[in-house]
Amino acid sequence: MPEKYLSCNQMKTVKMKKTKLISEKTLILLALILYVIVYFSPLGIRPMISPDEPRYAEIAREMIDSSDWITAHLDGVRYLEKPVMGFWWIAIAMKVFGVNGFSARFPSALAAGLVGLLLFSLVRRKTGDRYGGLLASVIFLTFGMVYVLGTSCIPDTVFTLFVTATLTFFYFSHQQERFSKKLLFLSLAGVFFGLGFLTKGLVALVIVVLAVTPFMIWERRFIELLKLFWIPLVAAAVVALPWSILIHLTNSDFWHYFIWTSHIERFVGGSASTNLHSEPFWYYLPILLGGTAPWIILLPSVISGVKREDFTKPIFRFTLCWLIFPLLFFSVSSGKLGTYILPLLPAVAILFTIGLHSYIKSGHNKSFSYSTAFLGAVMWITLLYLIVSFFIHDPKFALFSRDELPKRVGAFVCVGLWMILLIRLYGAKKLKTAVFTFALAPLFLLVSSPLIFPDVVKEHKIPDGFYTEYCQNIEPDAMVLGYKHSAYVAAWYLKRDDIYFYINPGVLKYALAHDDQMDRVIDIDEFPVIVEEKSRTTPVYLFLNGYQYDRYLDKLPEPASIDIYGIFLILKF
């Protein structure tokens, strides 16, 4: 009906709906803009964090340099720890943006945003509310662990995208009655499952099976799962088989090493587990709590809202299975790394959204106010620490040195803005707006973080500037060695794939031994002889950290010079 024929009340209703629609669209656009700023602006600014970022970036660089897109190589040696999909993404980004930190991290940032989009679609279908879908995306993208890994050159975020897409499309198929739509969504789930397999192998299968099987049993539809499971498996096989066959033809030992050594032995505690930390069963609990900061502060509000929810709703059951059963699997594994549980955080974001959505509708605000007040108090204590530490010269107490005044001021301003926004949220009546403001509060700190890294952090994990400047002066024909990770790092900064290994080649030991390249590994007694021979015509450089230097000091020849940055050393002979 044309607007001129509507009554006054009808006109008001139409205008209110239009205003609400515009507001929702504006909020979604604002969230998209903030995502681009927060996730993409630091990619080329923040220095590379050793050893993981240089290692994965170097694998992608060598993939481009060698034009070998089937077998991954690290420092010119076959890298059998992972399939190639994660490295393909990085290599493609390097083809587009050049070989640099921005392109190395671009796939992770893009994947994090796509996970947010999937959560928006999934939760919006459940709630029928754009705000609910947007809240799930915002919560996920502002989890501390998601942001750190989503702006790093590590394949876990890309893997999380494929796992999330697999489970999301499976859930969409679960909600369909028509077989044609079930077939479509199950096929899409299979495609992304295949991509997940090509990224991290059997871990994709473990997470999906442990999430889907208990859910279908809980829903009393297990027989349906048995009848239809072949659909995603066929789609996954179509995606994964071509590379799987090619890697077998070119590297006949890949699948034995990858499945037995990298999966089974690492899970039960075989020889490969020595590459990882052996941690207690409860190891992932603090990781989960810290990784979901700052939203974990609102856990009382989330629990209060969840209590009002209908536990028989499929979305609630699905996300519980997505979180609990894979988490138990990772907890009983012998080898544990904090990043392993990243694919479970989308489920946490959904559960938080369900709880907060219900809590907002209840009209209560007490627990939300108390939580924001507590976090505000933490911010106030942090500000007080930044002030007091300026007058204390003890480096064990002060995060920033006295020479880092601009960084200290920057941290003070960012934390202060966070605290001010939290103070404004105390006693808020419009909880829907307050929750999104809560998400906005730490963004100033996140965007500024690359510029305010304390030197003490850089000296232990971020030697990017030190290596970049020093490696410019290393002669192209010089012999360069590194102990374990240091060799991979040297390869990235020197853009070379002929770095020798001093004593320990790390994860490349198997490939070196089976490819007759053990001459790339220089032992303790051999190194002084090589230095004496090589140094007559060209310098020899050795990359170490302080702990390794102290350990082998007595066995090293006298260096011509030692350059030190924190715990990182480069010895010139």
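Two strands are taken to pair if DSSP finds at least two bridges between them, and on this basis the predicted model was examined around strand E10, which spans residues 568-572. Strand E8, formed by residues 540-545, pairs with E10 in the antiparallel sense over five bridges, and within this pairing Leu-544 has Leu-569 of E10 as its bridge partner. Strand E9, formed by residues 561-565, likewise pairs with E10 in the antiparallel sense, over five bridges, and here the bridge partner of Ile-562 is Leu-571 of E10. E9 and E10 form a hairpin with two residues between the strands, in which Gly-566 takes a positive phi near 65°. With buried meaning under 20% relative accessible area, four of the five residues of E10 are buried, so the strand is largely enclosed by the rest of the structure.

At least two lining residues are supplied by each of helix H6 (144-150), helix H17 (366-389), helix H18 (405-425) and helix H20 (443-448), with H17 contributing the largest share, six residues. Divided by class, the lining of the second largest pocket comprises 28 nonpolar residues, five polar residues and one charged residue.

Terms used: Residues numbered from 1 in each chain as written. Predicted model: local features only at pLDDT ≥ 70, side-chain atom pairs only at ≥ 80, totals over all residues. Heavy atoms only, no water. Buried < 20%, exposed > 50% of the residue type's maximum accessible area, 1.4 Å probe, protein only. Nonpolar A, V, L, I, M, F, W, Y, C, P; charged D, E, K, R; others polar.
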